Amino acid sequence: RALPWLADWLPMTVLEIVLALLMAVGVLGIVVPVLPGLLLVVVAVLIWALESPSTSGWVVLGVTLVLFLAGTALQWLVPGQRMRRAGVGTSTLVAGVVAAIVGAFVIPVVGLFVGFPVGIFLISLARTRDRTEAWWATRHALRAVGTNILIELATAFAIIAVWAVTVLFVR
C-alpha cells in the first residue's frame, strides 16, 4: 500500500498512482503524436499485472490486449478504407508525414500540424493539377487522421476504465 499515513484514505498504491500518471502521459501522446500513446497505456497495465500477479491482474491484461488489438485493427481498417475510396494513396500520406516532420523543424511548436496538410495538398495538387481535388483529398486525409486519433483515444479510455475499475473496486 501507499505510505502508511495515506493508506486509510488512498485506495491506490504508489506504483498504481505512477502507472495512472504513465497512462495519462499515454493519452497525451495520442493527442500530441510525440510519444507512442496507446502503447504506453498497454505497458502500464502490463507492469501492473506483473507487479500484482493475481487472477484479476491477468484478466485485465488479457482484456487490455484484446482491446489493443481491436483498436489497432480499427485504426487500419476504418480511416484507410475511407481514404482509398477518396483516392488518397499511401504515397500521399507518406509525403504528408515527411512534410510534417520537416514542418516541425521549420516552424517550432505548430510545424507538425501545419506540415501534414500542406504536404498532402501539394502532393495531391502535383498529382491531379486541380486545386479543388487536391483540397478534397487533403480534407479526407485530415478526417482520416482525426478518426484514427478518436479510435486510439476510445481504445485507451476503455483500457484505462477496465484497469481503474479493477484497481478501485475489484481487489
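Reply:
**A core residue and its surroundings**

Leaving out residues up to four places away in sequence, Ile159 touches Leu38, Val41, Val42, Val45, Thr64, Leu67 and Phe68, where contact means heavy atoms within 4.5 Å. The model is predicted, and local features need pLDDT of at least 70 and side-chain atom pairs pLDDT 80 or more, while totals for chains, interfaces and linings use all residues. Residues are numbered from 1 along each chain as its sequence is written, and side-chain values use heavy atoms, with hydrogens and water left out.

Ile159 belongs to the largest nonpolar core, which has 20 residues. A nonpolar core is a set of buried Ala, Val, Leu, Ile, Met, Phe, Trp, Tyr and Cys residues joined through side-chain atoms within 4.5 Å. Buried means under 20% relative accessible area, exposed over 50%, and partly exposed in between, with a 1.4 Å probe and protein chains only. Ile159, Met23, Val41, Val45, Trp48, Ala156 and Trp163 touch the most other members of this core. Two or more residues each come from α1 (14–31), α2 (37–51), α3 (55–86) and α6 (131–170); α2 gives the most, with 7 residues. Helices are DSSP runs of H or I with at least four residues, strands are runs of E with at least two, and both are numbered from the N terminus. Apart from this core lies another, of 9 residues, including Ala86, Val88, Ala137 and Ala141.

Beyond its neighbours within four places in sequence, Ser124 is in contact with Thr92, Arg129, Ala134 and Ala137. The relative accessible area of Ser124 is 1%, so this residue is buried.

The UniProt record, an unreviewed entry, places the feature "transmembrane region" at residues 17–50, 57–78, 98–126 and 147–170; such annotations use the numbering given here, with shortened feature names, and may be inferred rather than shown by experiment. Over residues 17–50 the chain is 85% helix and 0% strand, with the end C-alpha atoms 16 Å apart. Over residues 57–78 the corresponding values are 100% helix and 0% strand, and the end C-alpha atoms are 31 Å apart.
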